[in-house]
Amino acid sequence: MRNLIPSWIRVPVVFFIIFGAVEFFIDSGEKPAFIEYPAVLLFLLLVLLILIAIEAIVGALENVMLHKLDKEARARFLAEKEKSLQFTWLKETYQKLLGQKPIEEEGEIILDHNYDGIKELDNNLPPWWLYGFYATIIFAAIYLVRYHIFDGENQFDELETELAQAKLEVETYKKTAKDLVDFNTVEVLTSAEDLNTGKSIFETNCVACHMADGGGGIGPNLTDKHWILGGGIKNVFKTISEGGRSGKGMIPWKAQLKPSQIAKVASYVLTLEGTTPANPKPAEGDIWVDETAENSDTKTETTTETATE
């Protein structure tokens, strides 16, 4: 085998087989193993050097052996080596795959047809074509049974499975990616850390119009139950993000604050309701009632009464 394949092919092939095995057995994430782990690169380089050294040693031993042979034996050895390097085994395999008879035996399969001196040979179908045809028949039978008789999972099922999995992954990601929050998904934050951050943002950006205690100045009083653009976490979040009334309301803060920051300051603003500021501004807007909460309470009461009855 060594004489059939030259060293300039053997060495790279063996090297890349080892390289592929290393990549397969070492889980290095998206980066190749030899980049993630420098020691792997050193190992692969060492393997390459060993392969080159082996080829050099074998070549040197072969030359020493040739010098010990007489002229005739050396010529015969070199001739056999040159013949083996011509990939005669590949040519023989190719001929077998064609399934044709040698030229000297074609007389046995010549048909009686003769068209202006052109004769026809009764060759069998090439084995590669015949076996390939049989393989398609077997594949078709398996496919028919698997997908049309036993209703195997098809591409539509795979798509639905992948979409469901992707939806779960998106929902999981949204739970950890706070800056993806928006008007529809925002919820009241109650942790001390979030509220303290919201208070810090409020004292930095909002006291000029609403005062530090939320009593109101240029902007409305935030401590009463009256709201100009609606109360509740969703409305307050939207007002801070998109701004107040056109021409006379608050500027939109979505360019200066991240969604997670807006959620924190909106949650802090809601904690100001019911507090007593030093100089409260008269109420503006309408008393806001959370209809969602009311409906939820009503449903709860109805369910309780029904259970009691």
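What percentage of the 309 residues of the protein count as buried? The share is 20%, where buried means under 20% relative accessible area, exposed means over 50%, and partly exposed lies in between (1.4 Å probe, protein chains only).

## Basis of the model

This is a predicted model, in which local features need pLDDT of at least 70 and side-chain atom pairs count only at pLDDT 80 or more, while totals for chains, interfaces and linings use all residues. Residues are numbered from 1 along each chain as its sequence is written, and side-chain values use heavy atoms, with hydrogens and water left out.

## Overall architecture

The protein has 12 helices and 4 strands. Helices (H or I, at least four residues) and strands (E, at least two) are DSSP runs, numbered from the N terminus. Among contacts in the protein between residues at least 6 apart in sequence, 58% join residues at least 24 apart; contact here means heavy atoms within 4.5 Å.

The accessible surface of the protein comes to about 23,200 Å², and carbon and sulfur atoms account for 61% of that surface. Accessible areas come from the Shrake-Rupley method with a 1.4 Å probe, and for residues only the protein chains shown count as cover.

## Helix α7

Helix α7 comprises 22 residues (residues 155-176) and, at 1.5 Å a residue, should span 32 Å. The expected span is 1.5 Å times one less than the number of residues in the helix. The end C-alpha atoms of α7 are 32 Å apart, which agrees with that expectation.

At the start of α7, a side-chain oxygen of Asn154 reaches to within 3.0 Å of the backbone nitrogen of Phe156.

## A nonpolar surface patch

Leu97, Leu125, Trp128, Trp129, Tyr131, Phe133, Tyr134 and Ile137 make a nonpolar surface patch of about 870 Å². Patches are made of residues with over 30% relative accessible area and no salt bridge; like charges are joined within 9 Å, and nonpolar side chains (Val, Leu, Ile, Met, Phe, Trp, Tyr) within 5 Å.

Helix α6 (residues 127-149) contributes the largest share of this patch, with 6 residues. Tyr131 lies in helix α6 and is exposed, with a relative accessible area of 57%.

## Salt bridges

The structure holds 3 salt bridges, a salt bridge being a side-chain nitrogen of Lys or Arg within 4 Å of a carboxyl oxygen of Asp or Glu. In one of them, the side chains of Lys264 and Asp194 meet at 3.9 Å, N to O. This pair links distant parts of the chain, with Lys264 in helix α11 (residues 259-271) and Asp194 in helix α8 (residues 192-205), 70 residues apart. Both Lys264 and Asp194 are buried.

A salt bridge also joins Lys254 to Glu242, with the closest N and O atoms 2.9 Å apart. Lys254 lies in the loop between α10 (232-242) and α11, and Glu242 lies in helix α10, so the pair ties together parts that are 12 residues apart in sequence. Glu242 is partly exposed, with a relative accessible area of 42%. Between Glu284 and Lys281, the closest N and O atoms of the salt bridge are 3.4 Å apart. Glu284 is partly exposed at 27% relative accessible area, and Lys281 is partly exposed at 24%.

## Helix α8 and Ala192

Ala192 is placed in helix α8 and counts as exposed, at 53% relative accessibility. The C-alpha atoms of Ala192 and Tyr268 are separated by 10.0 Å, and these residues are 76 apart along the chain.

## Loop residues with positive phi

Asp116 is not a glycine, yet has a positive phi of about 50°. The residue is found in the loop between β1 (110-115) and β2 (118-121), and Asp116 counts as exposed at 83% relative accessibility.

Met211, also a residue other than glycine, has a positive phi near 70°. Its place is in the loop between α9 (207-210) and β3 (226-227), and Met211 is partly exposed, with a relative accessible area of 38%.

## The surroundings of His210

His210 is in helix α9 and is buried, with a relative accessible area of 9%. Leaving aside neighbours within four places in sequence, His210 is in contact with residues including Phe202, Gly215, Leu222 and Met250. Pro220 is also among the contacts of His210, and the backbone oxygen of Pro220 lies 3.1 Å from a polar atom of the His210 side chain.

Note on methods:
Polar contact = N/O pair within 3.5 Å; in protein donor to acceptor, adjacent residues only side chain to side chain.
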